[in-house]
Amino acid sequence: MIAFSVYGVPGPQGSKRHVGGGRMIESSAKVKPWREAVKWAAREAMAGFDGWAALDGPLVAVMVFTLPKPASAPKRRQTWPDKKPDLSKLIRSTEDALTDAGLIADDARIVAYARAAKVFPGEDLNALRSPGCYIEIRRLGE
């Protein structure tokens with residue numbers, strides 16, 4: 001099992017838009033910096049293990065995304081980020097970055113999520129103090 005935190009504003013990997021000449025670009029400007037932050041954090045976490053090999057076979061993941069809390073949200077009670085970005089799109093961009101980093105062999109290896117959530121800072125057991133994501137990956141049965 002490997003667990004680590006990534007800091008930065010999570011970027012959803014969603015729709016692409018056509019810009020002409022058969023070229024498509026990501027519609028969210030947050031995707032690229034987020035994927036870079038995930039790759040950096042994953043590589044830092046892997047550096048703690050000698051001879052790290054990408055996790056292969058059936059995997060179980062935990063991804064808890066901490067999103068910026070809007071100024072208009074209540075300060076003294078727990079609220080939930082029930083607006084954009086979509087949780088599934090956040091997961092997709094993060095899975096691709098974990099594959100690019102060499103942490104997992106392929107994002108298709110993730111067969112289950114023990115937990116996938118969007119939370120605000122300090123309002124959940126796995127919430128970070130600032131925007132980012134807590135990630136945990138383990139082999140099925142571990």
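Reader: Which strand holds Arg115?

Author: In this predicted model, Arg115 lies in strand β5, which runs over residues 110-119.

Reader: Why is Arg115 called partly exposed?

Author: Its relative accessible area is 28%. Buried means under 20% and exposed means over 50%, so Arg115, at 28%, is partly exposed.

Reader: What makes Arg115 and Asn126 a polar contact?

Author: The side chains of Arg115 and Asn126 come to 3.0 Å. The cut-off for a pair of N or O atoms is within 3.5 Å, and therefore the pair counts as a polar contact. Asn126 is also among the residues that Arg115 touches, including Ala61, Val62, Met63, Val64 and Asp124, not counting residues up to four places away in sequence.

Reader: How many aromatic pairs does a search of the whole structure find?

Author: The search finds two aromatic pairs. In one of them, the ring centres of Trp34 and Phe65 are 6.4 Å apart, with the planes at 55°.

Reader: Why is the pair of Trp34 and Phe65 called tilted?

Author: Centres must lie within 6.5 Å, and planes under 30 degrees apart count as stacked, over 60 as edge-to-face. At 6.4 Å and 55°, the rings of Trp34 and Phe65 therefore form a tilted pair. The pair links distant parts of the chain, with Trp34 in helix α1 and Phe65 in strand β4, 31 residues apart. Trp34 and Phe65 are both buried.

Reader: What makes the pair of Phe49 and Trp52 tilted?

Author: The angle between the planes of Phe49 and Trp52 is 50°, and the centre to centre distance is 5.2 Å. Phe49 is partly exposed at 38% relative accessible area, and Trp52 is partly exposed at 26%.

Note on methods:
Residues numbered from 1 in each chain as written. Predicted model: local features only at pLDDT ≥ 70, side-chain atom pairs only at ≥ 80, totals over all residues. Heavy atoms only, no water. Helix = DSSP H or I, 4+ residues; strand = E, 2+ residues; numbered from the N terminus. Buried < 20%, exposed > 50% of the residue type's maximum accessible area, 1.4 Å probe, protein only. Contact = heavy atoms within 4.5 Å. Polar contact = N/O pair within 3.5 Å; in protein donor to acceptor, adjacent residues only side chain to side chain. Phe/Tyr/Trp six-rings, centres within 6.5 Å; stacked < 30°, edge-to-face > 60°.
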